[in-house]
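Biologist: Thanks for joining me. Please walk me through this model one question at a time, and tell me how each answer is reached.

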Amino acid sequence: MPSDGSAPDWTRRRVLGSLLGVAAVAPFARGGRDVTGDSVLLRYTAHIPNSHGLYGKVFLPWEEIVTERTGGRIRWEHFVDKLLHGPLDGFKAVATGVTDYTHAYATYQPGSFHLTHGLQLPFLFPNPGVAALVSEELYPEYLKEEYERMGVYLAHCDSTSAYDIISKTPIRSPSDIRGLKVRATGGLTAEIIRQVGAVPVVMAAAETYMAFQRGILDAVALGGPDMAAYRLHETGNYFTRVGLTHTVLQYCLSPRTFDGLPDDLRVDLYNLFRLRGQVAHRNYYGGEALGRAIETLTAGGVEVIELTPSERQEWIDAILPLEQRFIEENESRGLPAGDFVREARARAAVYDGWTDQQLWDHVLERPVQGIIQL
């Protein structure tokens, strides 16, 4: 763990140089894809338990869509609950052949990415469905090169609900959070927490329960559905709806596996991956699913703090200087950060106010091209 407390920095060179631990489990997983007749068996791995909504409410419904639309030609073998690798090891697991498809979050590898972290800029997206769609639209031009340096293809983007704050003491303004130890992901989310004077503690969401309970954390910045899924209402007392940022969650795909599929299945799977972020939005991170998660928190005794417009503006004023700093730092590296941020905000504005059904129909009818070369 780096001395600044950030998540491990797995550059491509480090990924390829530190595979031994993950590779040790490879003999227990299938080597390569299993082709039976005209069907293909692919491995899906995850650190979440099978009771988590991202499995039962997102992956399984999406798997049913894949089965229906491919006539059963693509089948999945599931390994969840950290059975084959942990939350930080997605890139390594694909690089070693442990899995074909898994999570590989840029936020957990902050030193390996630059422009990709801009997807976490504060107050950028109106909801998870728009965040997932715009992230994929931006990817071919701005993000593909740095993501594929990790030796993987991008399968798709999901997005969390807007990051709110669950805490042991009430938080209404940035001054209330100053000095508190707050769980964050790496990259810009940690910078957002630092910007308001709090101390970011970078850890995976699945690890927050014990840390929060034991006082290692004073508060947790996370989306409401994940707060409910990880039972943070058993420790937290207050839920502040501030909407700091959306964390875009990347999932990766083995190039060897994908390139080895029959041509028609490559096209089918590529297009079906475009729907995955919208399934996550509709079934888990947004809409009615978000409402149900908040009901779970309140039923557990958590008090919801709704900010007034002036209180929300205080947070915006405190945090938005990060955007210009992000642009300047990345343009000093020769990256088109200003263009990236302007295009991200413009594209998000186009979809602001669209219904979930409009987003679904748009993605189904006009899937983003260029994420993987077909």
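Biologist: What covers the buried residues of α16?

Modeller: First, a word of care: this is a predicted model, in which local features need pLDDT of at least 70, side-chain atom pairs count only at pLDDT 80 or more, and totals for chains, interfaces and linings use all residues. Residues are numbered from 1 along each chain as its sequence is written, and side-chain values use heavy atoms, without hydrogens and water. Helices (H or I, at least four residues) and strands (E, at least two) are DSSP runs numbered from the N terminus, and contact means heavy atoms within 4.5 Å. The cover of the buried residues of α16 includes α3 (53–69), α5 (128–148), α11 (263–285) and α15 (337–351).

Biologist: Which residues of helix α16 are buried, and what arc do they cover around the axis?

Modeller: Buried means under 20% relative accessible area, exposed over 50%, and partly exposed in between, with a 1.4 Å probe and protein chains only. In helix α16, residues 356–365, the buried set is L359, W360, H362 and V363. They sit on the same side of α16, because the arc they cover, taken from the directions from the helix axis to the C-beta atoms, is only 165°.

Biologist: How many of the residues of the chain count as buried, as a percentage?

Modeller: Let me begin with the surface, using the Shrake-Rupley method with a 1.4 Å probe, where for residues only the protein chains shown count as cover. The chain exposes about 14800 Å², and carbon and sulfur atoms supply 49% of it. Of the 374 residues, the share that counts as buried is 58%.

Biologist: How many Å apart are the centres of the positive and negative side chains?

Modeller: Lys and Arg count as positive and Asp and Glu as negative, with His and the chain ends not counted. Each charge is placed at NZ of Lys, CZ of Arg, CG of Asp or CD of Glu. That makes 36 positive and 46 negative side chains, and the separation of the two centres is 5 Å.

Biologist: Is A104 buried or exposed?

Modeller: A104 belongs to the loop between β4 and α5. Setting aside residues up to four places away in sequence, A104 touches G90, F91, Y147, Q250, Y251 and C252. With a relative accessible area of 2%, A104 is buried.

Biologist: Which residues does T160 touch, not counting those up to four places away in sequence?

Modeller: T160 is placed in the loop between β5 (153–159) and β6 (164–167). Its relative accessible area of 2% makes T160 buried. Beyond four places in sequence, the residues that T160 touches are P128, H246, T247, L249 and Y285.

Biologist: What is phi of F123?

Modeller: F123 lies in the loop between β4 (101–103) and α5. At 16% relative accessibility, F123 counts as buried. Although F123 is a residue other than glycine, its phi is positive, near 55°.

Biologist: And what is the phi of D81?

Modeller: D81 is found in the loop between β3 (74–79) and α4 (90–95). D81 counts as partly exposed, at 48% relative accessibility. D81 is not a glycine, yet its phi is positive, at about 60°.

Biologist: One more: how many Å apart in space are D38 and G215?

Modeller: D38 sits in the loop between β1 (34–36) and β2 (39–45), and at 52% relative accessible area D38 is exposed. In sequence, D38 and G215 are 177 residues apart. From C-alpha to C-alpha, the distance between D38 and G215 is 54 Å.
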